[in-house]
Amino acid sequence: METALLDILYLLASIGFIVGLKMLGSPKTARKGNFYSAIGMTLAILGTIFIYPKIAHLTIPGFVYALIFTAILIGTVIGWGIAKRVEMTKMPELVSFFNGMGGATAALIGLMEFEHNIGHASKMSMIVAGLVIGSISFAGSMIAWAKLSGKLRKPVRLPQYNILNTLLAILIIIFGIYIVAAQVNNPLYIYSLFALAIIYGVLFVLPIGGADMPVVISLLNSFTGLAAAFGGFLYDNMAMLTGGILVGSAGTILTVAMTKAMNRSLTAVIFGAFGEGSKNADSREKIKGNIKEAGPSDAAILLNYANKVIIVPGYGLAVAQAQHVLHELEELLAKKGVDVKYAIHPVAGRMPGHMNVLLAEANVDYDKLVDMDDINNEFPNTDVVLVVGANDVVNPAAHNDPNSPIYGMPILEVDKAKNIIVNKRSMKPGYAGIENELFYNPKTSMLFGDAKSALTKVVQELKNM
Amino acid sequence: MNEILNFIHDNIQMIYIVILMVFVGIEIISHVPAVLHTPLMSGANAIHGVVIIGAILVMLHMDPTNKPGLAIGFVAVVLGTLNVVGGFVVTDRMLDMFKTKK
């Protein structure tokens, strides 16, 4: 009876995960989908706490229950608090942080289950696999989090890091197999494996450049899913298995979608072809030419007399929290009869969809956001393109310069428009660390300044016209 | 070798589930518009928080006199809850912004 009840709860949880994830795929149902997944999760957790001990004939002392509830309470309060308070710009780091927490949980499970399963090869292999992947995901996510939140800005590359990382990975695999095959019973081994996996996680993400961080987070996300699935095998637990595998495969697809959008291969991201490219970029001659600076009034005039304006948002918009004033500008122009659209590059910002989330926060009409492939043929008959804090995604070097590290990446072809206004804080290169010849284009006017203050001034000028 | 074959035999149903779930995951993600990639990643991130069940099982099976073990289990449950609650709440917050759209 109780066994069946727990099975049903886990079944409902699995259905909740699948239906929820499916519903997340459409803007209309997404919120409900997330809610269904959450309900599924709650059922699975409650079933585990209250029904499982009866099935397994465990007598649980009251204080162990108290510990579990206290832990859940602490996690809920902190998790809820962070998730509610954090600014929208910090979203990518936050996902990375929570992902790391899941990885750490998987790793700790492995550490604790080790001594209960000595001599049991198949269970031990699940423990070792979950531990290694969870630890890598934890350490890697923490480094990704530190990088995105600006605590670690530069990629750190040890000499021969590719060889070093590969050797370390091989060592971890051999060590893991040894622990399983030799039926090691000394906990020191599992702690050493844990330490090696943590070191590998750090070394794995450290050399990867900031521009590739979304790909890495997505990859680590699917790693944690995999670690949860190994837990499912270990405990014969269907909720863990289905949830874990679902995230593992969905995360992998998402990772592939992202690398495609950036025209990079996953191996290039991991083994750092980008890094070599950057070296070429440094040795290349700096782009020569003059930049044309425009004031807010010049920008306002250009926009006011345009028929068609396309706005290209980037990370700078998120940093300046300028999405509301940008929306105000867009509405103002629309009232004046200007056709205004937003061009969304798949990897603008720090995560795919980052710009959509940001603009949605400012109540920008969903239909005004146009994907790269659909809008690229509209640039030639566009009067003014307003680039707000975007850089690499509009860099013509991706088309023109085979030496550029971003060569081949699909970009928004803003240089085909009649006029280009680029709002940037300074001439500093973007996240990929390369120069952008667009800024030296005779059609380009540079509107320097923080996106929020610069756009506010443009809005004021427009209102006075 | 025998161990591996035994493992496959003992877990054949789970292996079927794994293979089918891989395709389910691929199928439901493939048609998602780029707009929803961030919430999707975040939602998926919350779902793998299901690993918390493992942490709870560890606590339930733990010898109550094993204080260090209980302490590590406690930490694992806290971190797992962080993943679950934080993940779902932050996804909901993101999606809340799409609500006013038609």
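The dialogue below goes through several features of this predicted model.

Student: How do you know how confident the predictor is in chain A?
Tutor: pLDDT is the predictor's confidence on a scale from 0 to 100. The mean pLDDT of chain A is 88, and 93% of its residues reach 70 or more.

Student: Where in chain A does pLDDT stay under 50?
Tutor: Over residues 273–285 of chain A. The model has 18 contacts beyond four places in sequence for these residues. Where pLDDT is low, the predicted coordinates should not be read in detail.

Student: What makes both faces of β4(A) covered?
Tutor: V384(A), L386(A) and V388(A) are buried on one side, and V385(A) and V387(A) are buried on the other.

Student: How do you know which strands β4(A) pairs with?
Tutor: Two strands pair if there are at least two bridges between them. Strand β1 of chain A, residues 308–313, has 5 bridges with β4(A), in the parallel sense. In this pairing I310(A) stands opposite V385(A). Strand β5 of chain A, residues 419–424, also pairs with β4(A) in the parallel sense over 5 bridges. There V384(A) stands opposite N419(A).

Student: What makes the span of helix α7 of chain A close to the expected one?
Tutor: α7(A), residues 161–181, has 21 residues, and its first and last C-alpha atoms are 30 Å apart. At 1.5 Å a residue, 30 Å is expected, and the span is close to that.

Student: Why are the buried residues of α7(A) said to line one face?
Tutor: N165(A), G176(A) and I179(A) are buried. Seen down the helix axis, the buried residues fall within an arc of 65 degrees, so they line one face of α7(A). Their cover includes α6 (121–148) and α8 (187–205) of chain A.

Student: How many residues of chain B are in contact with chain A, and which element gives the largest share?
Tutor: 77 residues of chain B are in contact with 90 residues of chain A. The largest share of that side of chain B, 27 residues, comes from α5(B). By class, the side has 49 nonpolar, 21 polar and 7 charged residues.

Methods. Residues numbered from 1 in each chain as written. Chains lettered and ligands numbered in written order. Predicted model: local features only at pLDDT ≥ 70, side-chain atom pairs only at ≥ 80, totals over all residues. Contact = placed C-beta atoms within 7 Å. Buried ≥ 20, exposed ≤ 12 C-beta atoms within 10 Å, placed from the backbone. Helix = DSSP H or I, 4+ residues; strand = E, 2+ residues; numbered from the N terminus. Expected span 1.5 Å × (residues − 1). Arc of directions from axis to C-beta. Nonpolar A, V, L, I, M, F, W, Y, C, P; charged D, E, K, R; others polar.
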